[in-house]
Amino acid sequence: MQYLLLIYRSEAEFGKMDAAARKAKTAEYGAFTQSIIQSGHFKAGDGLQPTTTATTVRVRDGKTLTTDGPFAETREQLGGYYLVEAKDLDTALAIAARIPEATIGSIEVRPVMVYD
Amino acid sequence: MTPIEIEKVFRDEAGRALATLIRLVGDFDLAEDALQDAFAVALERWPAAGLPSNPRAWLVNVGRNKAVDRMRRSIAFRGKQQELTHELLLNASTSCDTADSAFDDDVLRLIFTCCHPSFDPAVQVALTLRTVCGLTTAEVARAFLAGEEAMAQRLLRAKQKIRLAGIPYEVPEREMLEPRLRGVLAVIYLVFTEGYVATSGANLMRPDLAREAIRLARLLDALMPGRGEIKGLLALMLLHDSRRAGRATAGGDIVLLEEQDRTLWDQRQIAEGLMLVEDALRMPGRPQSYAVQAAIAALHARAPSYEDTDWPQIAGLYEVLLRISPSPVIELNHAAAISMVDGPARALDLVHALEARGGLKGYELLPAVRADLLRRLGRRDAAREAYQAATAATQLEPLRRFYARRIAEMG
């Protein structure tokens, strides 16, 4: 069996953390990731940029509608995910609009965090 | 040169210089900081040295050098000197293309980036005013009746989204161009309407915003020639704006169209607007909404008086608009035009039908139109009530004074 582990947290609280606390958190995640790689459980995992960078895509009557911000409907529930490589947001939004669920549900597009 | 003159030059050139700097340094924030640095140098040097022959190219060159300095400092700080400095210096050493066409392409890129559909419409307007029009954050905040701190935050988040979400700095591909251009024009028109009738405050109009919108449409028309929807929008705004001097008294009170001194209208702007409407309507394809709205404004501009206005044709054009871009606001305007053709009773029926469908809930001009029709029908009590509702619905002082005047007139 495979399982998707979704991480929820308060962005406001995260934003209040100082540099030392962030560093500690990053180290904690590094150790955790290493441990599940070694135990053979790890398949994939990424941090996401904050919801202020999100765009939500819906296709209705053949038209693509984009909304600034994250998915905020409580009547729809998470049903799946794709991780894609795209050259820019326009390309990612165009792919999102082709996901079958886009015509009845919503697709939230969030950039994945890149560490340099 | 005085600092005030320098500031004016800077304001005129800031949008284009910034657009090019963003392309050269590849980062919105860095480009903005670098341009501010360049402005500081200009304030220092230009009073003695005079205006450079090409101030825009000067600002770009100085700005680019300042960006390199800033990069060097931050890279040294992060201890990653080698690779990145090399890359940036390499970019900087390629000669800066200062031909007007290169600047123009950059401005187009900037406009389309600021009006990207992944931004909330209000953010698109704010970002456009800040970066393309070169308004300060405080000025943008005032346009939105927001605090400067809150607006600074909103702009910061928007620029962060450009960078982190990978919003491309380019003019969209052919198949995406039409819907994206529609979005850009909608942003420009939003800027204009806020300038034409402000949402709130002591002044009916904000001519600075109307001017910026017209400037942007002109720019777009020059950059993307031969497009009916751009010409239509430019014509519409020029014709509306041509009445500016007649639309308010020196004391800031509203003067209705029927009471305006038409000799105060800007005839040069009207002539230009009329020419553009004709161009726009002659374009192949089905008529564009902005062009039809401009055609209506043209009929008003041409009319010798309110009574001698071609109302039947205006009502007919609203019917065309209802077919090509139906909206409750157009329906309300259509009803107002019908009141001049078939009388206020027929118009009131249309307004009631519109209200019954609930399409204009919360639209602040709805009670005002209803009040005017009731007043003309002599239904004083109902009119008074509608004027009171209209007063409660607006936050604009001159409108409130106007409604109070109407209520007083009815005794």
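Modeller: Helices here are DSSP runs of H or I with at least four residues, strands are runs of E with at least two, and both are numbered from the N terminus. This is a predicted model, where local features need pLDDT of at least 70, side-chain atom pairs count only at pLDDT 80 or more, and totals for chains, interfaces and linings use all residues. Residues are numbered from 1 along each chain as its sequence is written.

Biologist: OK, what comes after α8(B)?

Modeller: B:G166, and its phi is positive, near 75°.

Biologist: Which residues of α8(B) are buried?

Modeller: With buried meaning under 20% relative accessible area for a 1.4 Å probe, protein chains only, they are B:M151, B:L155, B:A158, B:K159, B:K161 and B:I162. They sit on the same side of α8(B), because they cover an arc of only 150° around the axis, taken from the directions from the axis to the C-beta atoms.

Biologist: Switching topic, how many cavities of 30 Å³ or more are there?

Modeller: Three, from a search of the whole structure. A cavity is a set of points on a 1 Å grid over the protein atoms alone where a 1.4 Å probe fits but cannot get out, and lining residues have an atom within 4 Å of a point.

Biologist: How much space is in the largest cavity?

Modeller: About 80 Å³, counted as the space filled by probe spheres set on the points.

Biologist: And which element gives the largest share of its lining?

Modeller: α1(B), with four residues. The lining of the largest cavity includes B:R11, B:D12, B:R215 and B:L219.

How values were computed
Chains lettered and ligands numbered in written order. Heavy atoms only, no water. Buried < 20%, exposed > 50% of the residue type's maximum accessible area, 1.4 Å probe, protein only. 1 Å grid on protein atoms, 1.4 Å probe; cavity = no way out; pocket = protein on both sides within 12 Å on 5 of 7 lines; lining within 4 Å.
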